[in-house]
Amino acid sequence: MNLTEVFEVVRSDIGSSLRAFLPELALVATILVLLLVRLFQRQGTYVSRALALIGSIVALLLALEQYGAGLHREIFGGMLAVDGYTHFFRLFLLAFAVLMVWLTMLTNMPEPEDAADFFVLLLGATLGMILMSSSIHLLMLFMAVEMASLPSYGLAGFLKESRRAGEASLKYVVFGAGASGIMLYGMSLLAGRFGTAHLPTLAERIAQSVATEHGVVIEPILVAGVLLVLVGIAFKVSAVPFHFWCPDVFHGAAAEVAGFLSVASKGAALALLSRFVLTLAYPVLQAFGFAQVSLTQALALTLAVLAAVTATYGNLAAYAQTNLKRLLAYSTIAHAGYMLMPIAAAIGSSGRPNFATAVDVVLFYLVVYLFMNLGAFAVVALIRNAIGSEDLSHYGGLIHRNPLLTVAMAVFLLSLTGIPPLAGFVAKFRIFVVLYQTGFYWLLAVGLANTVFSLFYYVKVLRVMIIDEPVPETPAWQSNALAVAFHVLLIVANFALLIPGVWNGLQDITTGAVATLLLP
Amino acid sequence: MSDTILLSAIVFLPAVAALILVAVPGRQKELIKQISFATTVLVFLLTLVLLAQYFELRDPATGSWPTLAERAAAAREQDLPNDLVVRYPWISAFGVEYYLGVDGISLPLVVLTGFISMLAMLASWGIDKYVRGYCILFLLLVTGMMGTFVALDFFLFYVFWELMLLPMYFLIGIWGAPSRVEADGRVRGGPYAAIKFFIYTLVGSVLILVAILALYFHPAEPGAGPAYTFDIMRLHSIAQQAGVYSLGFQLLIFVLLYIGFAIKVPVFPFHTWLPDAHVEAPTPISMILAGILLKMGGYGFIRLAYPIAPEAAHYLAWFIAGIGVWNILYGALAAMAQTDFKKLVAYSSISHMGYVMLGFGVWTLMGDPDKWSMAMNGAMFQMIAHGISSPAMFFAVGVIYDRIHHRDLNRMGGLANIMPYYAGISAIIFFAGMGLPGLCGFIGEVFTVLGSWQFSRLLAVLAASGVILTAGYILWTLQRVFLGRPSPEMFGEGHHGDPNALPDLSVREWVIAVPMVIMAVVLGVYPDLVFRFMEPSVTQLIQDLTQTLAQAR
Amino acid sequence: MSEAAIPLEGVLLVSAAMFVCGTLCMATKRNAVGILMGVELVLNASNLNFVAFARYTPFGLDGQMFALFGIVMPAAEAAIALAIILAFYNTHLTVDVDRASELKL
Amino acid sequence: MQDPGLLYVIAVLLPLASFLILLLGGKRLGIVAAYIATAAIGGAFVLSAIGLVRYAREGDLFTASHHEPAAGQDHGHGAAAPAEEPSGGHGTKDGTLVWKGQIRWAAFGHDVIRLGYAVDNLTVVMFAMVTLVATLIHIYSIGYMHEELHEPVHDPLAVEPGEPPLERPGRFPRFFTYLSLFCFSMLGLVLSDNIFLVFVFWELVGVCSYLLIGFYYERRSAYRAAIKAFVTNRVGDFGFLIGLAIIWTTLGTFNFEEIRAALADGKLTGALLTVAGLGIFCGCVGKSAQFPLHVWLPDAMEGPTPVSALIHAATMVAAGVYLVGRFFFLFSPTALLIIAMVGAITLFMAGTIAIVQTDIKRVLAYSTISQLGYMMLGLGVGGWLAGLFHLITHAFFKALLFMCSGSVIHAAGTQEMPQMGGLLKKMPITAITMLVGTLAIAGIPFFSGYYSKDAILAYALHFWQQAPQTGLYGVIAPTLFVLAVGGAAITAFYMFRLWFMTFVGKPRDHHVYEHAHESPPTMTVPLIVLAVLSWCAGYSFGLGQPVIELALQNGPAGQGFTAHPPHATHELAGTFALGAVIVGVVLAVIFYGVRLLSPDEVAAQFPRLYRFLWHKWYFDELYAAALVRPVLAFSRKVRAFDWNIIDGIVDGVAYWTARLASADGRFDFWIIDGIVNLVGEVTYWCGERLRWLQTGRIRQYIVFLVVGTVAVLALLFYVTTLFAR
């Protein structure tokens, strides 16, 4: 399908497409309103925040309604796919946006004069991320990545007076620009060679080109194209060795922003990655009767190596950190590694791949990850507000001054480690199940070893906060009901998976989301 | 009382109490301790009720019990009110069940857990630092331990197994000794010991997790699809069919489980966390550690490793028994050279747990299975006996530490005159540890050694020679603490006082010590009290295992 | 369409050369603006690819459209980047990226 | 009472009850504790006397040689009822009446361990002896331990140089508490019908011995002796345990009767039987202080003298002999030969050491070891009857001797014989009764020791005569007899030496002499009773054979072993013995009675021999050098291993690298370094190194981006080609 046809289809289909696009439109409207407010009211956090909250909640409700309606189709002539997968990530990202707005309420994050800008960037990034998860066209894909990245650059440098924020955003933008250039180049190779940018069509053509009469033929241009696109995505995922921006940016940016990037950005990138990889691999696998061929095998192995290196690197490097945000950045990298594992396993297993029982683990993990990682960053932000430091050396004996925050932090960090009965354990358990089931034993061993490695630095933080002697004259945190509610919610969420039904429910949702993934 | 409520209450009552304590103001230390103690007493009483209920299960005509496997299978169809098996679907995505049950193997350990946690809570009265946090963690720990012993779903077992890691970490880390630098520049102390404990156990449990996955996906019959089960009883029955689990697979499973459980027992060379953890932990936590936590390893062997991988267990019998004997001798020798009272007791634990491994390991098809049954029963009894004598020994150490603030054996002496009752109680306790007939330690040791003779004369002789070393270090310890004249440097740094004015046991200390002493004597004189309900289950297990292996051959 | 004087491979070779130049520029320039120029080179290499494919293969109009977006989006990106570089200049009084080295551990 | 065996059970439980009362009563009881304990053991004695009479009547105890089983008395025998209730009954074996009862104690599969009591003639006799001696010693102790009633007690012996003087509370009730526990354990041991229960009580008497040796635990020598005693006994118990293991594994029972039946069926034969026997005997060696485990007994004299009399002379140390007698059927000929050899070596060795000792109690201790050696020899050469006969007579006269020595110590305030002398006038009763004891132990005719020792010598001679005259037996059998005869001479010599040094001659230390006085009646009355027994216990009272021999006649050993040596042999052995005794006595008179020769000069003539004997054949030194110190050193090595090696990795890989570089030869220990510690170290190390990558420089990041892309590209290509093949 070329663009002229696309235009034709879009024209004929614009009404229903827009209906399916309502949640995003709601976000767009909110952004516009915020910009208008910015014009008329120069200062004031409350209005902007309220608008952002309302906007994101409305978008969330719309997304929920659409999820309930169960719409599964391509819209805008094959630019975007609305399927269970999209619905899931919409809900995920919008819910996260709501929580983020709630969190800014607790931490008084944006200065009053910048409030509207902040929320515009936040919602704008969210919009881009939603598009990342739903795009099935290379052009759309590129635009979505840019739409998610550009506001993120701004958010990273939002603390304008801070030298570190400036440096962080500079690094982010330079690295990001480079990565997007490389990705675009890869797209040009892929789309040009196969004559289409529509992912499912592209995948089918690739399958045709691979399965020739002379056996399996793999063109270098195909490999280069796929890989360069993957590099662009890996940058967003912060997979080693494309992760270098991540610790510096998290370190320099505000903790709230770091939390946003670590969850939403990573989630969207993983959504994109798995959609891209699965869509590409499926027709190839299909063409060979679901026997492994060199292309999928190589892709799987590359992803697996990437995953193993990323997880191990993240966990080992985190050990030496003293800045909490930086430590959590490495933890984020490590978790990205964990989440890459099932994607590799999904396409690398022999036999008809059941994506619904392999990739859904990523979705499952992301949900859990949201609750534990956002919680950790929120605690860091609140403690920063209370003691003015994010350095571990100032965290000594915090339990005596800020018991709730400390207990919450303990729950989040242990959940990140994967200690039962916390949700993080369940998520990791499911990854291990997939790895075992698909026969990726070495990756399983890496994952398990990493669980042990990670314990060192997570517990190091807890040790400082709980066992060590208090730092003198640490001010106590003034709690308020909203903050308590926020943390209680997150803590409960971290325990909730073992309540009968919750695990099943969540798993049904994620399985359903992946099962309805529109494949060629 | 329905068994669902009873078993669930035993497991979760402490956790509920911990939740309640969250709402109690931290200032009210006495109230918090009272609530915690009342909870542990209640839990102990409930375990006794459980014991009574178990006896009601006995078929009066034959005097035998329906096996756990039978009860579990029946419970799959229909939940009977008094079969002491609880079975509800929990996570249907993975077939995980809320699945608890007891038999003669787990029941003594459950009662022991109730007993020791009650006394340990009482011993915690002296804790004055962050009482609320302490009690909450303590109660969570009890939940974890109870759950581990009654869980029949492997996933659930794993959750409970890990659940007690965290409370233990903090209990040792916060309430243990502060960090310090040793003479040779090494950092030691509560935080160090706590993380060491944590990591050792986590490494072990990660391996257990792999075994769980491997079993979950292994076919239940040759050629069939994956079994998809975490049901421990089902896994037993699968393992009992010849040819389902190949020897290679069993070896894999067994080695994974072995490392996981051996760390807990602890078996050489995975033992070094134990002396550290004990030395740094506060007295009640040492009691729990020695009394119950170590038993979880042994329980894992008898409940999981052996029935699920019988061929591998038999294949590795020499290794297990040998390492058990090595543990006995190594622990005893290491204990002999210690000057830290608590470290000595910790190494004695390592030595004593060696008998447990020996008792498990001495499986030979050549001989009479009843002899292995004797060794296995001896090993199980050793766990119970050690579960009483060892906490008591740690308690004895704690009593003197509270008074003189150090544990250096060379700076004590003469306490027999100064604290005669304490000396008397301690002597009984240490004699129980030494394996003196008439006290509980004797039964386990002697039955294990007797049962192991047919397996290997060499190992039996070596194990028997352990009694000499044990007598040596225990008596030497008693001498250094109680006999002779008081040391002029009786008090630790920064403490002063008149050695002759040291107070004897307080009322609370009496209340803690006497039950343990009584149990040590009662079990030593009349072990049938435990054997009566433990032996049928153990013997049944041994019959099953022997039969399985005979089929496999 | 007239007969191609230059084969597709030739164009692709040029774009590949641009891509390499761009990456080298990114990696070697100390000036932030210089790095951005390297990025532009890389982007333009891909744009060249798009139009070349549009010219020589059935990819057609798609490629030109793609190139259009490939110009517009990086323009926005450049705008943000320049703003950030400005902010960096405000705090550091330099645009030498090697001076941005406080964030490390 | 329906089951007369229960009489004995009650008799055993009486001291236990006393123990519990005393334990709970504690210090408050004061002198009442002694009355309670004495009443308990006295009650036990009365019960055992009743039992003895009844047994004698029902079992025709004192009728010479009846070999026919009494028909109709065989109910209960072999009926191992599976019921859990105690089952009692009568039974006979080979014509011997047995009262017995059992309970099921534990079961494993089909193996059931039943514990119970059995009363046969050996039990009856032993029981009577133990209760009688124990009762007398209890009475004696009331007087002897009187000092402990006063507060505070001064114990000059507990004060090391440079330490302040010691004042401590009195421990009078505690002494009787321990005594009661001991009596319970000892009686239980005698009453047990199975080897397992014997082992249990065996250990219990051991622990009582430990507690009582260490009664003056402020004294360094006392607590060291206590530990030494216990650990040495544990070495023996180690063998005991192995014996138990063999018996249980091969025969599946602990019951003496069942074992005997199983052995008769040939279920355990050959080398394993010998090993089993030697294992059990190993325990007996420890308990009865035989070579090479005899070293604890002399040190055990640190305990109060009544304890030495009761435990370390009359009863507990004889338990080893008793067990060999009880379990006689277990021992293969080889095992018996080894028993005989051990006995012979012991009796000779201990006798020689006793010659040069100056501490009165130590002399007696060595004489005890020596006499126990006689008993073992007697049993070993087949003289079951003789060995046990000697056990009983020895119990009387050795208890007497110890109590007399206690009386002397009590009066003189010292244990060193060179400081005594001439005490005959000061304490005539003690002196006379001690002379009776000395005559008895020396084997002077018409005193009990003569008869029993004579019997042993007769059996030894008979063994020589019966044994093959060639090969190993040809050497060993004569040696046994020669050592025994030589031992008789030595015994006579050192015992008279003791008596002379203590009671006659000129007072050598006037302070001691002035201080000395006759003991109170609570002490002297038991002396007199025992003296009478020591005199006449060997008599036959017209029954044709010594009554004790007669009572034991149909003992559990069975008929085969009780055959008497021919009369001629008996007379020949008696002649030898008498000759040896006379030599010994004469020498003692020459050296110490009339002092014709000075012992010091003789000692100076053979300095090496003297030193050898004075140092007790260097056993303590040997064990310290060969066993104790190496074990301690090794244990320190293990500790260091644990701390440095297994634990050490955590604290510094660098340190270890250095150690390794210094080629300390310990690198093999690396193998078992704690994996987790290593992981921790490596994690930290890697974390440190990985920081280098994160330089914070954008250009390097981009270089990494490019290099990474190229690297992954290369990987992908490589992998693609890899799979394409």
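Student: Which residues touch the most other members of the largest nonpolar core?

Tutor: This is a predicted model, in which local features need pLDDT of at least 70 and side-chain atom pairs count only at pLDDT 80 or more, while totals for chains, interfaces and linings use all residues. Side-chain values use heavy atoms, without hydrogens and water, residues are numbered from 1 along each chain as its sequence is written, and chains are lettered from A in the order in which they are written. A nonpolar core is a set of buried (under 20% relative accessible area, 1.4 Å probe, protein chains only) Ala, Val, Leu, Ile, Met, Phe, Trp, Tyr and Cys residues joined through side-chain atoms within 4.5 Å. In the largest one, of 748 residues, they are A:Leu138, A:Phe276, B:Phe154, B:Phe155, B:Phe447 and D:Ile195. Helix 15 (residues 360-387) of chain A gives this core its largest share, 22 residues.

Student: Why is A:Pro500 called exposed?

Tutor: Exposed means over 50% relative accessible area, and A:Pro500 has 56% relative accessibility, so A:Pro500 counts as exposed. A:Pro500 lies in the loop between helix 20 (481-496) and helix 21 (502-515) of chain A.

Student: What makes helix 8 of chain B roughly antiparallel to helix 10 of chain B?

Tutor: Helix 8 (residues 190-217) and helix 10 (residues 247-264) of chain B pack at an angle of about 155 degrees. Angles over 145 degrees count as roughly antiparallel, and therefore helix 8 of chain B is roughly antiparallel to helix 10 of chain B. Their contact has 14 nonpolar, three polar and one charged residues.

Key:
Helix = DSSP H or I, 4+ residues; strand = E, 2+ residues; numbered from the N terminus. Axes fitted to C-alpha atoms, helices over the stretch in contact; angles between N-to-C directions. Parallel < 35°, antiparallel > 145°, perpendicular 65-115°, else oblique. Nonpolar A, V, L, I, M, F, W, Y, C, P; charged D, E, K, R; others polar.
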